[in-house]
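Here is a short briefing for a reader who is new to this structure. Please look at the sequence and the model first, then read the points below.

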Amino acid sequence: MAVSYIEIEQTSVSLSVKASSRVNPKRFIRNAHPPPLFLQLRGIPTRAERAGRERLQAAAAMENEFQDGKEEVIQAWYMDDSEEDQRLPHHREPKEFIPLAKLSELGVVSWNLNADDWEKDENLKKIREARGYSYVDICDVCPEKLPNYEAKLKNFFEEHLHTDEEIRYCLEGSGYFDVRDQNEQWIRIAVKKGGMIVLPAGMYHRFTLDSDNYIKAMRLFVGEPIWTPYNRPHDHLPARKEYVDKIINRGGNQTVEAR
Ligand SMILES: [Fe+2]
């Protein structure tokens with residue numbers, strides 16, 4: 001190490017490094033917490049910022065992985081306005097299926113995974129690592145295992161949002177996740193065994209089982225889970241505002257926020 005003493009006059013940040021040390025003074029300064037003011041002023045990323053950016057890039061790159069055969073486990077269509085049983089498909093007449101790319105535009109991420117081998121599945125592991133999904137649990141939803149099944153089902157079907165992603169991986173059975181498009185139209189997303197879906201924070205949605213009345217789903221979360229649903233309207237929440245800014249108003253769509 002040639003540098004034994006560094007002094008940065010502009011900010012009065014100083015750092016002494018022993019001649020025998022292997023510390024890289026530039027790296028030392030960049031990794032300091034809090035970052036020196038001169039780094040902040042120059043817009044030079046700190047280690048935390050770089051790590052955050054790399055995490056986002058890794059998470060985004062993962063969105064295009066494990067897409068083969070996805071149409072067999074995830075389908076989407078526009079819903080009719082009927083008040084009939086929520087467990088029915090509620091197709092329009094004629095049916096209006098939606099390409100899964102349209103779901104991506106709405107911020108919905110999804111994959112096709114091997115649900116028969118989820119405990120050893122390397123692809124699931126990659127997704128969890130890239131997106132920081134540290135928490136996992138599994139729940140069975142069916143009349144036999146869920147007390148007050150009918151009442152709970154109605155509850156799940158209340159339109160709501162969360163301040164974090166809702167991540168579900170269908171291990172057995174099937175269910176419907178309903179979301180709204182940029183023009184407030186309901187889209188029904190049918191998820192079967194092998195389908196994994198991420199609804200972004202701030203996106204209004206609801207869930208119901210279908211007429212088969214059974215789903216075994218893995219729930220995932222970044223860190224300690226927060227399941228709190230905020231029933232519509234909760235447009236003032238930062239997560240909602242961010243979703244509207246990033247997704248709904250992207251490309252200059254003029255969307256009325258209130259129902
Ligand atoms: Fe939810």
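**Annotated binding site**

The unreviewed UniProt entry carries a "binding site" annotation that covers H160, H162, E166 and H205. Although these residues are spread over 46 residues of sequence, they cluster in space, with a largest C-alpha distance of 11.2 Å. UniProt positions are given here in the numbering of this text, feature names are shortened, and annotations may be inferred rather than shown by experiment.

The model is predicted: local features need pLDDT of at least 70, side-chain atom pairs count only at pLDDT 80 or more, and totals for chains, interfaces and linings use all residues. Residues are numbered from 1 along each chain as its sequence is written.

- H160 lies in strand β6 (residues 160–161); helices (H or I, at least four residues) and strands (E, at least two) are DSSP runs, numbered from the N terminus.
- H160 has 18 other C-beta atoms within 10 Å, so it is partly exposed. A residue is buried if 20 or more other C-beta atoms lie within 10 Å of its own, exposed if 12 or fewer, and partly exposed in between, with C-beta atoms placed from the backbone.
- Not counting residues up to four places away in sequence, H160 touches Y204, R206, P229, Y230, N231 and R232; two residues are in contact if their C-beta atoms, placed from the backbone, lie within 7 Å.
- H162 sits in the loop between β6 and β7.
- H162 counts as buried because it has 21 C-beta neighbours inside 10 Å.
- The contacts of H162, not counting residues up to four places away in sequence, are A201, T228 and P229.
- H205 belongs to strand β10 (residues 205–209).
- H205 also has a count of 21 C-beta neighbours inside 10 Å, so it is buried.
- Leaving aside neighbours within four places in sequence, H205 is in contact with F177, D178, V179 and L199.

**Strand β9**

- Strand β9 (residues 195–199) is largely enclosed by the rest of the structure, because five of its five residues are buried.
- In a regular strand, side chains alternate between the two faces of the sheet.
- Both faces of β9 are covered, with buried G195, I197 and L199 on one side and buried M196 and V198 on the other.
- β9 pairs with strand β4 (residues 109–112) in the antiparallel sense over four bridges; two strands pair if DSSP finds at least two bridges between them.
- Opposite G195 in β9 stands N112.
- Strand β7 (residues 166–180) and β9 run antiparallel and are joined by four bridges.
- R168 has I197 of β9 as its bridge partner.

**Helix α6**

- The buried residues in helix α6 (residues 122–131) are L124, I127 and R131.
- Seen down the axis of α6, these buried residues fall within an arc of 60°, so they line one face of the helix. The arc is that of the directions from the helix axis to the C-beta atoms.
- The exposed residues E122 and K125 are on the face of α6 turned away from its buried side.
- α3 (47–62) and β4 are the elements against which the buried residues of α6 pack.
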